[in-house]
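Open your viewer, switch to a cartoon view, and follow along stop by stop.

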Amino acid sequence: MSMLIKQMPARVESLHDLLTFITAEAKKKGFSEEARQQIELVAEEALVNVFVHGYAQNQGQVEVRCSASDDSALTIEIRDAGVSFNPLSLADPDLQPDLACRKVGGMGVFLIRKMTDQVAYRREGDSNILTMTFLNR
Amino acid sequence: MEIVVTNESDIFVFAIRGRLDAVTVPELEERINQWFEQSGTKLVFDLDGLDYISSAGLRVFLTTAKKMKARDGKLCMARLRDNVKDVFTISGFIALIPAFETLGAAQDALQ
């Protein structure tokens, strides 16, 4: 199993570099363009959560680890040392089809749940670690 | 991302190209807020050139749809690519903002 690690400031200016890093790994693993787009979307949602909620005044780092096992699954870990927060503890948004009632927000974590094959959160020491696995079908 | 705004009579078309993500979304928000300073009530998002949308983009679409409803206006979308349409379908947003296969159909719906 190989692992690649990239660390950057936890702010939105880092987003495109981190997504490029992740999608390059997905491409190396032979994921289709369609699958890569889903991986990219999920990665953005997870990273933006860290940018927005992780640290006060954008003062921290975020680390992305991509590991690829022989069974051609891709696992992405997103680590930050911000406030303890489990995004998976959030309730699913109400997918209310009426415009007036539909609440703004809450879609990011929902998309993560829907578009990953496995997702898990753990707190390890001072770190939040979100692990997302994608199977190459 | 690139945004081109055109209008035919009172129907305004925002052609949004490229990526609509957490980095680029403020630019679209600014253009839409400018547009809302006028009294227009008919708006189409032409998404033929849109490669990617995340929840940051969805949020702007939803707030725009709500503002349009508040002024008795109509918002619709045209020419969603498959991957963009998937995001609208999974999020349920496809039921909130009418989507059309062609720009002409979207414009007709606003007549």
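Before selecting anything, take one rule with you: a residue is buried if 20 or more other C-beta atoms lie within 10 Å of its own, exposed if 12 or fewer, and partly exposed in between, with C-beta atoms placed from the backbone. This is a predicted model, in which local features need pLDDT of at least 70, side-chain atom pairs count only at pLDDT 80 or more, and totals for chains, interfaces and linings use all residues. Residues are numbered from 1 along each chain as its sequence is written, while chains are lettered from A and ligands numbered from 1 in the order in which they are written.

**Stop 1: chain A as a whole**

Select chain A. Of its 137 residues, 34% count as buried. You will find 3 helices and 5 strands; here helices (H or I, at least four residues) and strands (E, at least two) are DSSP runs, numbered from the N terminus. Trace chain A from the N terminus and the elements come in the order β-α-α-β-β-α-β-β.

Now zoom out. Along the principal axes, the C-alpha atoms of chain A fill a box of roughly 45 × 35 × 25 Å. The radius of gyration is taken over C-alpha atoms, and the globule rule is 2.2 Å times the number of residues to the power 0.38. For chain A the radius is 15 Å, which agrees with the value near 14 Å that a compact globule of 137 residues would have.

Two residues are in contact if their C-beta atoms, placed from the backbone, lie within 7 Å. In chain A, 66% of the contacts with a separation of 6 or more come from residues 24 or more positions apart.

**Stop 2: the sheet of chain A**

Colour the strands of chain A. In what order do the 5 strands form the open sheet? The order is 1-2-3-5-4, and the pairing is antiparallel. Two strands pair if DSSP finds at least two bridges between them. Strand 1 (2-9) and strand 4 (118-124) of chain A stand at the edges with a single partner strand each, so one side of each has no neighbour in the sheet. From one strand to the next, the twist averages 15°.

Axes are lines fitted to C-alpha atoms, for helices over the stretch in contact, and angles run from 0 to 180 degrees between N-to-C directions.

**Stop 3: chain B**

Move to chain B, which has 4 helices and 6 strands. Along the sequence, chain B follows β-β-α-β-β-α-β-α-β-α. Its radius of gyration is 13 Å, close to the 13 Å from the globule rule for 111 residues, so chain B is as compact as a globular protein of that length. Of the 111 residues of chain B, 38% count as buried.

Select residues 25-36 and 55-70 of chain B. These are helix 1 and helix 2, packed at an angle of about 10° with their axes 10 Å apart. Helix 1 and helix 2 of chain B are therefore roughly parallel to each other (angles under 35 degrees count as roughly parallel, over 145 as roughly antiparallel, 65 to 115 as roughly perpendicular and the rest as oblique). Residues making the contact include B:Leu28 and B:Ile32 of helix 1 and B:Val60 of helix 2.

**Stop 4: two loop residues**

Most residues other than glycine have a negative phi. Select B:Ser9, in the loop between strand 1 (2-8) and strand 2 (11-20) of chain B. B:Ser9 is not a glycine, yet has a positive phi of about 50°. Is B:Ser9 buried or exposed? With 9 C-beta neighbours inside 10 Å, B:Ser9 counts as exposed.

B:Asp72 sits in the loop between helix 2 and strand 5 (74-78) of chain B. B:Asp72 has a positive phi of about 60°, although it is not a glycine.

**Stop 5: where the chains meet**

Finally, show both chains. The contact takes 21 residues from chain B and 20 residues from chain A. On the side of chain B that touches chain A, helix 2 of chain B gives the most, with 9 residues.
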